[in-house]
Amino acid sequence: MLHTPERGTLEYLPGALVVCNAEGLIEAVHPQSAPQAAVIAARHAEHGSLVVLAEGQYLLPGLIDLHVHAPQWPQLGQALDEPLEVWLQKYTYPLEARYADAGFAAAVYESLVDALLANGTTTAVYYGTVHLAATMRLADICLSRSQRALVGRVAMDDPTQCPANYRDATAASGEADTRAFIDYVRGMPGNAGAFVEPVITPRFIPACSDDLLRRLGNLARESGCYVQTHCSESDWEHRFVQDRCGLNDSAALERYGLLSRRTILAHGNFIDDEDLGRIVRAGAGIAHCPLSNVYFSDAIFPLRHVLERGMHVGLGTDIAGGASPSILDNARHAVIASRRLEAGVDPRLSRERRGRASSRIDALTAFWLATAGGGIALDKPLGVFAPGYAFDAMVVEGDVAGSNLSIEAPDTPETILQKIVYTAARSNIREVYVAGRLVHGRAET
Ligand SMILES: [Zn+2]
């Protein structure tokens with residue numbers, strides 16, 4: 001068992017016994033040397049509820065993806081040479097408009113949820129589309145596949161920014177459909193424990209009228225729902241909000257009532273120190289999407305700077321702005337991006353002037369972001385093996401066909417985790433559990 005309970009802290013407990021209760025929560029973690037471990041293990045073996053990992057297998061916390069656009073799954077890897085505003089208008093909105101067909105939506109969403117589970121993502125924070133029926137199907141599929149999920153029906157109504165065939169007709173109808181979606185998800189049979197939760201989802205300020213943003217802010221207060229949106233992502237988006245609102249995104253969102261402990265902001269690349277203070281005070285979380293940022297953000301998110309100031313940060317794939325469904329891919333890209341920021345990129349500048357000092361993070365921090373960091377951003381007991389936390393986990397194994405991950409006997413726990421972060425592929429993830437239930441893997445029935 002290998003996890004990062006605190007940022008910068010690795011705990012390795014070989015042969016540990018993790019006891020999970022019927023609700024899918026961890027009851028206890030017993031090191032192999034604990035006297036009661038063998039007795040408890042024997043009792044579970046008798047009841048057929050003991051799972052023993054094979055030699056060379058490691059139990060790690062499941063991965064948390066704080067930012068996924070589910071409808072963009074079919075365009076993974078497409079048109080990434082375009083700027084954000086062109087990519088949205090020319091490719092993304094026309095694709096998302098097709099989700100008026102709930103049958104098309106269901107097929108795509110089943111494929112996506114399966115792919116994310118196979119990549120070890122046990123919790124995902126999804127954007128759907130403006131379509132109520134299609135987004136309901138996404139919530140249904142997460143529940144039936146047992147993927148812990150937060151799902152948002154996208155709200156966007158500004159006719160100058162959104163195509164006529166793909167937007168809320170009015171601010172009032174955008175609010176009404178959001179309310180209907182919240183009621184649906186909260187009332188889904190089998191969802192009593194809020195395994196799938198609704199998220200109020202104004203796409204981003206440029207796509208929404210002031211009226212809609214105000215209505216959704218009020219709804220957030222009234223319903224207690226999570227909120228997700230984009231924040232200071234690119235030069236274009238950041239300036240657009242400054243020109244329209246006379247404020248940066250974080251200040252504008254606060255004014256609309258959309259910034260709280262239950263808010264997840266995607267990107268945040270252009271936040272200044274005032275934004276940083278505001279987001280930290282609110283307790284909101286950032287979905288850092290390092291791969292997508294390469295294509296659409298124009299700059300590198302100052303990850304270490306914000307972490308050291310107490311901001312809650314986890315990772316997001318930003319499918320399809322990022323062309324990988326893997327949070328492990330994004331963990332390694334978070335390291336790469338931070339190293340680029342520290343070293344700088346223009347060789348014509350002297351070494352001293354090229355980069356931004358003290359910006360790098362290491363693999364341990366990247367894995368913490370992918371697990372415990374995401375849990376903190378969501379204010380949920382996720383990403384750590386400790387009593388009271390959800391038993392969301394993946395079994396990783398080296399030296400399997402189709403992978404480059406090779407774990408050797410003398411490897412230290414730090415080396416094992418580094419190798420997993422930097423080289424593990426989907427094929428190394430042998431089993432995935434959510435709330436104690438096997439959802440992907442060899443023994444799947
Ligand atoms: Zn996004």
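In which strand does T4 lie? T4 belongs to strand 1, which covers residues 2-6, where a strand is a DSSP run of E with at least two residues, a helix is a run of H or I with at least four, and both are numbered from the N terminus. The views below show a predicted model, in which local features need pLDDT of at least 70 and side-chain atom pairs count only at pLDDT 80 or more, while totals for chains, interfaces and linings use all residues. Residues are numbered from 1 along each chain as its sequence is written, and side-chain values use heavy atoms, with hydrogens and water left out.

View 1. T4 counts as buried because its relative accessibility is 0% (buried means under 20% relative accessible area, exposed over 50%, and partly exposed in between, with a 1.4 Å probe and protein chains only). Leaving aside residues up to four places away in sequence, T4 touches T9, L10, L364, F367, W368, T371, A372 and L417, a contact being heavy atoms within 4.5 Å.

**View 2. R137 in helix 4.** R137 is found in helix 4, residues 132-145, and counts as partly exposed because its relative accessibility is 27%. Not counting residues up to four places away in sequence, R137 touches A102 and Y184. The C-alpha atoms of R137 and A372 are separated by 29 Å, and these two residues are 235 residues apart along the chain.

View 3. Distant parts of the chain are linked by the pair of H69, in strand 6 (residues 63-69), and D318, in the loop between strand 14 (312-315) and helix 12 (327-343), which are 249 residues apart. H69 counts as buried at 3% relative accessibility, and D318 is buried with a relative accessible area of 4%.

**View 4. The largest pocket.** The largest pocket has a volume of about 1100 Å³. Of the 37 residues that line this pocket, the closest to its centre are A16, V51, V52, L53 and L59. On a 1 Å grid over the protein atoms alone, a pocket is an open set of points with protein on both sides within 12 Å along at least five of seven lines, a cavity is a set where a 1.4 Å probe fits but cannot get out, and lining residues have an atom within 4 Å of a point. Grid points are joined across faces, edges and corners, and a volume is the space filled by probe spheres set on the points.

**View 5. The largest cavity.** About 120 Å³ of space lies in the largest cavity. Of the 14 residues that line this cavity, the closest to its centre are L84, W87, L88, H230 and E233. Helix 2 gives the largest share of the lining, three residues.
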